[in-house]
Amino acid sequence: MNRHPRCNAEQHRLSRRRVLQGALGLCAGAWWGLRHRGLSAAFAAEGKEPPRQVLFVWLDGGLSQLESWDPKPGTQFGGPFRAIATSVPGLHICELLPEMAKRMHHVAVVRSVSTKDNSHSAGVPRILRGDPKNRGVVYPYLGSAVAKLLGPCPSGMPPYIWVKPGSGGFIDKYAGFLGPKYGALALGEGRPPQNLLPPKDLPEQDLHDRHRLRRLVNRHFVAGRNAQINDAYEHAYHMAQALMSRRKLFDESTISDEERDRYGRTQIGQHMIVARRMLEAGARFVQVTSYGWDTHGDNFLAHRSLVPKFDRALAAVIDDLVASGRIEHTLIIAMSEFGRTPRINGHVGRDHWPEAWSVLTGGCGLQRGAVIGATDQQGVFVKTEPYDIGHLFHTWFTALGIDSQHTEYDNNGQPLPIAHDDCFPIKELLG
Amino acid sequence: MTTKPEKKAADAAEAFRQRWTPKLTGRLEPDRQIARLRFTPCGKFLLGGGYDGTVWRWQYEEPPQEENAKQSEGKSRRRGVPEAPWRPLERFKSHGGWVTALEVHPQGGIAFSADSWGRLCAWGYEGPQEPKPRWQQPQAHDGWITDMALSPDGRHLATAGVDGTVALWETGSGKLLRRLEGHGGSEVLAVAFHPRGDAVVSGDLFGRVLHWEFPSGRKVRELDASALYKLHRLQDCGGVRVLRFAPDGKRLAVAGTRPNNGATIQGVPTVLLFDWESGKPHAELSLGPKNECFVCDLLFHEAGFLAVATSGTPGTGRLHLHREGEEKPFFTARGPINCHALARHPKWPLLVVAGTNSGSNGNGRQLRNGKYVGNHSPLFFFQWASEG
Amino acid sequence: MRTAGLLCWFVVLCSAGAWAAPPLEEVIDQKIEQRAGRTLRPATDDYEFLRRVYLDLAGRVPTLAELEQFVGDSRSDKRRLLIQRLLQSPWWAHRMSEAINVMLIERRGEDARWMAYLRRSFLQNKPWDQLVREVLAGTPGPEGDLEGVEFFYVVRLKRYGQVPPDQDGLTRDVGRFFLGRDLECANCHDHPFVDDYKQLDYRGLHAFTVNTFLHRQGNKWVVAERVMNAPLEFASVFDKVPHTTGPRLPGGKAFPVPQFDKGQEYLEPPDRKKRTPGVPRFSPRKLLAENLPVPGNRPFVLNSANRFWFLMLGRGLVHPLDYFHSDNPPSHPELLDELGRTLVEERFDLRRYLAHLAASRTYQQPGTWPKTGPTPPETFLTFHQKPLSPEQLAAAVLVATGHRLDLVQMGVLAPKQAKQLPAEAVRTAGASPPRAWSEYRQRFQKAFAGPAKQAEVDFIPAVKGTLFVMNDPLVLELLEPRPGNLSARLLEQKDNAQAVRTAYLAVLCRLPDKEEQREMASYLASHPDRARAVKNLLWALLASVEFRVNH
């Protein structure tokens, strides 16, 4: 049956007639102006260049734009902190980001992000799915989307790796209609997934024997039968073995003290090191999540504690990506599900603010040192053209070499745009 | 079955409660948020450090008789509380960021204020015109000056900063006497002078309270208030937010929150009372549920109670009057919420507390008449019965 | 004693009465052949059939002894007898409660009381319509004997953090599971592509449960209902023309919404002091329970017939299962009608219905293509490869490696019930497994279950499950020899050829072919450490695709 619950192949195949007659609807919109390019265009862009990768830093709960990328010192809602000059002439950011201030010429900041949802429960998935038009299907999160659109890198590493606090494992619930195959391999506390290591007492030869014998049994079974399931099964074994063969990657003893200090001996710092190693090993999309950014109370001392840790970790990874040249083909994104309210509540906190906030992004050919858009004098609303998350998705897909306006997912016969149809790539950011 | 001595004690407690239960008598409505409040020694001026980077000034004005009558008719009353008879004057505007530290010279005439951008100013607060600084230190600290304290004789000033230092200044000249660097770079959030004038204490984010000899600046000892700190996820939460000596100098109140979690921070508003001699805590006051969170300001009343301003989740946080030795506050004011600052009048039985307007929080676009409006700190004037 | 026990077991479990062999299985084969324009092949061999039917009706693979006994049985009607025996055994209650749990809850969570309710229901062979009625009513009944049944509502209407109760998901699932119609796209407007699915259908169905909410009483949830005092208003997002509907089954007539004077709306008004939620006089949810699962409701009947067909055959006659509409007709319309008719005639007796399906030659077709080559799935000419559910897999791994499964430990039988049954009906032969069943069940679910809120039908092997099989101690320790288990038995068998045969029979329920026999035996012979060689062989069999599917 259909793997995705909300819309299925038959539904669309059988209904095509109706749509072509001109029926319009929330779901029907998908069928209008279909451009069947498929995904091959996305792959063609890759050629023999180094594979494009993504480093996605997620500050869960909501980084305050005013205490980070869009400070408004000396205004009513500006808060207590100062703004500091950066390596980009004319660009000032909050004093809590002294390290990034020295590196802003490598990246860009979009200050005119304006999105729709001010609750976490709805806002997080909306943002991470790019808030596409409702077509009755559950869209994948960005990591799953990139895993699908670009596939794994030639390295054979799982395409979507998620470094997070807490527990890890294979987390497939965010893959949406793409199915569990495009879920994330989560490294809880940066550690390898459960069962990655083979039993200690099992000689290499026995491990080899086991698979040889397993394939022998499968060969017998497949003869004269539908082989699809066997193929899928073999693929999973291939992935598992590829991962097992890289278990040294997870060996923490190979991280030097110097490196640990440089990234900061904090949760996000140490996780960022793991993330960089995953990128170097060839993971397509690596997400680093930091929890605890929902500062409805004591926002300012909270940001004073949180932001410098993020600043240091991000600056360190950017240094390394620059030094290795990987920044040329590594897309960097650091963001939350929304910003925080300009007004300061009685708990000296800031609440959720999707109206006007900032996203840091760069690498992979994005305009260096760019400042896209602006908020008004008090930082309340966007005064330039507002960009929704859909615009950012278009931009990021484009930077990754995917034609975001023509590429579509093939959801069991239902073509689906990969980003919101009414949005488009941000030209100034693409350069 | 209560025994006689118990009943006697209960009666005494009740008498104390009645004697020191204040009445809400007036209210002011500055349109910005206020972080600190101080009366001047003459009692004629009230100063308030604001989130708008200014120091607010109000001057007492004896209300004319007919005005009193009018007020009782409810003309300028707000929720049944008359406007307090304090007239706003031009503000002191030499600051940036937030003015989060404020003191007045004990002999009067000069106020000292400091802001979150590191500037320290001394200025005359009297007169109707906009005050100008007598002296100022634009870089007294690298960044946020969180607190200040005056020596009892008014000759010296100690400031605390998130740069991890405590600075000692001559109040007359604004000259830096000494910079104390014992907090290992951790944010110093509170500072106090011992009433004898021979010691300064400073408290940091990690709950360390350092005792410095004054004026030498020698570090004497460290008091442990680490109960007021917690690392939650990535966030260092809590810290020593308030330091106050009892008037007799025998006890030190170290206050903040016992943090439960970060982000939307929660914790029990807590005052740890240290015995100054031994450096050991001898009592702990828990002033509310964990959503009430922080003790923001505190003062000792010589009648034997503490006035404490707390603030937590919007809508919580109160003015509490807590008699030392008792389990619970004997008075918790109903009106003000999210209280951030306290000041006691030098002559009259008057206490003012800065609260926050209700409905101060909320996600997303909330416009009032099409405008995006910030929050403010209503000031509540509480009065005790006069002596005798 | 023993005879008495057996007799009692028989009487209890056959309370529906002995049944004469109905002709439905023949009708099935006839319709399948008619449609295909060719004859079905002879039924598959005993080995494949036995494994298949054990997995489908007992939720596990047969033990070596059960296999040997069946293959050695020369009676011509042994398959029919086996089907009946399995359907009457408590293993069937185990299998069905797990399958229906997955179908109705879709991995939203687990609840012991709900599982107990399902097991009780299948132990007594509760008619399917009655079970659905109880689930839709959602109340534990005046005697409390349906305790746990509320879980169907609880998992959907519980608040998780800021996530509100999933009222729309509930409506959608009622349509999907009980009517075979996924009306979700008709929530805001008529379905854009399916002419049959109207917004009125969605909203009418929604009206039955829109006022249902959860009320906490002590440590339990009560499925309560608010007063409905007016029909539901709705409008298409396109034309914005206002409509109203009372509770209404798709295609049917709306129930009128009665008006009561103020104060008269409740049979039992809510009581704050006693913390009771109140009982409205007019209960749309009760109407749903009373009017949906009835013989006269054709969508319910055909959907039920189709879903249990799917459970056995691996694909619906209408496929996807929740996509009944005129543009997606059944592959075999007459057959579906026939199935529905029989289901009604036999009063939704699932044992009888599944007996028909299992007895058909269609069900017993080989899993290999015919000589003529691949056949399209909707012809049912080749048996589908059905992935084992995590619960089937856990039980299969334990039985295959020679470990004991015990229905008392598995929560299917109370010790008292078990005492009335012969031991072999309560537990399988084998070594005592190193861990409790609940742990195996949970860990296999974690490794192999699909995502929540999705029908678990696709075979998507994931790295997680693969690593689990490769490296998890919970799996690997079952390969260690322990008195009475397969590994121990194989080590005792000094003849390699015999050991290979035993391993194949125990794990894959078949004999090795010549190449396998030769390769495996030579592997055992060549390995310097026989114990390790045996473990490797066993692992390879367990990790094979063949073991992972019901074929």
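A residue is called buried here if 20 or more other C-beta atoms lie within 10 Å of its own, exposed if 12 or fewer do, and partly exposed in between, with C-beta atoms placed from the backbone. Keep that in mind for the tour.

This is a predicted model, in which local features need pLDDT of at least 70 and side-chain atom pairs count only at pLDDT 80 or more, while totals for chains, interfaces and linings use all residues. Residues are numbered from 1 along each chain as its sequence is written, and chains are lettered from A and ligands numbered from 1 in the order in which they are written.

**Stop 1**

Select R275(C). Is R275(C) buried or exposed? R275(C) is exposed, with 12 other C-beta atoms within 10 Å. Its phi is positive, about 60 degrees, although R275(C) is not a glycine. You will find R275(C) in the loop between β5 (266-268) and β6 (279-280) of chain C. Helices (H or I, at least four residues) and strands (E, at least two) are DSSP runs, numbered from the N terminus.

Now select R107(C). R107(C) is not a glycine either, and has a positive phi of about 60 degrees. R107(C) sits in the loop between α6 and α7 of chain C. With 18 other C-beta atoms within 10 Å, R107(C) is partly exposed.

**Stop 2: the domains of chain C**

Stay on chain C and colour it by domain; the bounds come from an automatic or database domain assignment. Domain 1 covers 59-125 + 388-551, and domain 2 covers 127-139 + 147-291. The C-alpha centres of these two domains of chain C are 40 Å apart.

How many residues of domain 1 of chain C are in contact with domain 2 of chain C? There are 11 from domain 1, in contact with 8 residues of domain 2. In contact means that the C-beta atoms of two residues, placed from the backbone, lie within 7 Å. On the domain 1 side, α6 (90-105) and α7 (112-123) of chain C each supply at least two residues. The helix that gives the most to this side is α7(C), with 5 residues. The residues of this side of domain 1 divide into 6 nonpolar, 2 polar and 3 charged. In that count, Ala, Val, Leu, Ile, Met, Phe, Trp, Tyr, Cys and Pro are nonpolar, Asp, Glu, Lys and Arg are charged, and the others, Gly among them, are polar.

A cis peptide bond joins H319(C) and P320(C), with omega about -5 degrees. P320(C) belongs to the loop between α13 (298-313) and α14 (333-345) of chain C.

**Stop 3: a covered strand in chain A**

Move to chain A and select β12 (residues 357-362). In this strand of chain A, 6 of its 6 residues are buried. W357(A), V359(A) and T361(A) lie on one side, S358(A), L360(A) and G362(A) on the other, and both faces are covered. In a regular strand the side chains alternate between the two faces of the sheet.

Strand β4 (residues 107-113) of chain A pairs with β12(A) in the antiparallel sense over 5 bridges. The bridge partner of V107(A) in β12(A) is G362(A). Strand β9 (residues 330-335) of chain A also runs antiparallel to β12(A), joined by 3 bridges. Here I332(A) stands opposite G362(A).

Zoom out to see the domain assignment of chain A: domain 1 (35-196 + 253-430) and domain 2 (199-245). Their C-alpha centres lie 37 Å apart.

**Stop 4: where chain A meets chain B**

Show chains A and B together. In this interface, 41 residues of chain A are in contact with 40 residues of chain B. On the chain A side, α10 (267-281), α11 (299-324) and β11 (352-353) each supply at least two residues. The largest share, 5 residues, comes from α11(A). The chain A side has 14 nonpolar, 18 polar and 9 charged residues.

**Stop 5: chain B**

Finally, show chain B by itself. Chain B has 2 helices and 34 strands. Its C-alpha trace spans about 65 × 60 × 50 Å along the principal axes. Of the 388 residues of chain B, 51% count as buried.

End at the peptide bond from F214(B) to P215(B), which is cis, with omega near 5 degrees. P215(B) lies in the loop between β18 (208-213) and β19 (219-224) of chain B.

Key:
Two strands pair if DSSP finds at least two bridges between them.
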